[in-house]
Amino acid sequence: MGKYRNIVILTGAGVSAESGIDTFRSAGGLWENHRVEDVATPQAFVRDPDLVHRFYDMRRAAIQEKLPNPAHDALAELDARWTGDLLIVTQNVDDLHERAGARRVLHMHGEHLKAWCTSCDLRSPWRTTLIERPPCPVCQARTLRPDVVWFGEMPYRMGEIYAALRSADLFVSIGTSGAVYPAAGFVRDARELGAQTLELNLERSQGSRWFHESRLGPASEVVPVWVEEVLA
Ligand SMILES: [Zn+2]
């Protein structure tokens, strides 16, 4: 497997875009005509919980209709065959990495297909709606919310992510703009710690200058090529 042993991969919207999943950013700050601050902040949930639930119920239903694309498939193959450490840190809240077969996936921004009970802190798999305020499967409180990190909230499992970055000798960023912190800072952390850094992105990003190498193109094309290379 050549010169690398431990790999950390950061994936973002560009990996899911070709599966038909859009984002606030790709939609120019609007998502299904909703502004970020109306549906994806803790303040919005306090102000208008029905709107927020309706919006996430719709997203939760929509992603279940989507399918993994060749970028997800290639990363799943890498995960299956890579004998060193590997962590796919994703900013995506869909389950397409998992449906492609990847197992070493960390969702730093949460998951559409989970509900979080703010009374007992349990996170449960969730595929249906929340707007009717179903009870928590454990404590029965009707305090479930989407288990998605909203703007202004802290991403999940940062300690695990930084631990992986510390031991990585290759950091790869795929389909992410390099604009949203803390993820945008991972490349500099990895590089300072001695890792080689590679960006695979549709176009040059705000963060491109921090990478040793950038390869441009759609994720469904550039990711399979890179995976084949690293497994050769
Ligand atoms: Zn509960």
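Tutor: Let's begin at S220, which touches E18, N69, P70 and A71 when residues up to four places away in sequence are left out; contact here means heavy atoms within 4.5 Å. Bear in mind that this is a predicted model, in which local features need pLDDT of at least 70 and side-chain atom pairs pLDDT 80 or more, while totals for chains, interfaces and linings use all residues. Residues are numbered from 1 along each chain as its sequence is written, and side-chain values use heavy atoms, without hydrogens and water.

S220 belongs to helix α9, residues 219-231 (helices are DSSP runs of H or I with at least four residues, strands are E runs of at least two, both numbered from the N terminus). With a relative accessible area of 17%, S220 is buried (buried is under 20%, exposed over 50%, partly exposed in between, with a 1.4 Å probe and protein chains only). One of its contacts is polar: the side chains of S220 and E18 meet at 2.4 Å. A polar contact is a pair of N or O atoms within 3.5 Å; within protein, one must be able to donate a hydrogen and the other to accept it, and sequence-adjacent residues count only if both atoms are side-chain atoms.

V15 sits in helix α1, residues 13-17, and its relative accessibility of 0% makes it buried.

Another serine to inspect is S208, in the loop between β10 (196-201) and β11 (213-216). S208 is buried at 3% relative accessibility and touches E199 and S214, with residues up to four places away in sequence not counted.

Now for the metal. The zinc ion has C117, C120, C136 and C139 as its protein donors, each through SG, at 2.3 to 2.4 Å; donors are N, O and S atoms within 2.8 Å of the metal (3.2 Å for Na, K and Ca), and sites may look incomplete because water is not among the atoms. Angles of 104 to 115° among the four donor atoms make the site tetrahedral, a label given to four donors if all angles lie between 85 and 135 degrees. Along the chain, the donors are spaced as C-x2-C-x15-C-x2-C. C117 is in strand β6 (110-117) and C136 in the loop between β7 (123-125) and β8 (144-148), so this pair ties together parts 19 residues apart in sequence. Both C117 and C136 are buried.

The loop between β7 and β8 also holds R133 and Q140. Each has a positive phi although it is not a glycine: near 60° for R133 and near 70° for Q140. Both count as partly exposed, R133 at 24% relative accessibility and Q140 at 48%.

R123 is involved with two rings: it lies over the face of W116 at 4.4 Å from the ring centre, and its charged end sits over Y156, 4.9 Å from that centre. A charge sits over a ring if NZ of Lys or CZ of Arg is within 6 Å of the ring centre and within 35 degrees of the ring normal.

Last come the aromatic pairs. Rings of Phe, Tyr and Trp (its six-membered ring) pair if their centres lie within 6.5 Å, with planes under 30 degrees apart stacked, over 60 edge-to-face and the rest tilted. By this rule there are five aromatic pairs. F45 and W150 have centres 5.2 Å apart and planes at 50°, so they count as tilted. Because F45 lies in helix α3 (42-47) and W150 in the loop between β8 and α7 (158-167), the pair ties together parts 105 residues apart in sequence. W150 is buried, at 3% relative accessibility. Y162 and F186 are edge-to-face, at 5.7 Å between centres and 85° between planes. This pair links helix α7, which holds Y162, to helix α8 (186-192), which holds F186, over 24 residues. Y162 is partly exposed at 27%, whereas F186 is buried at 1%. Finally, F45, F55, Y56 and W150 form one aromatic cluster.

Conventions. Tetrahedral: all angles 85-135°; square planar, octahedral: opposite > 155°, others 65-115°.
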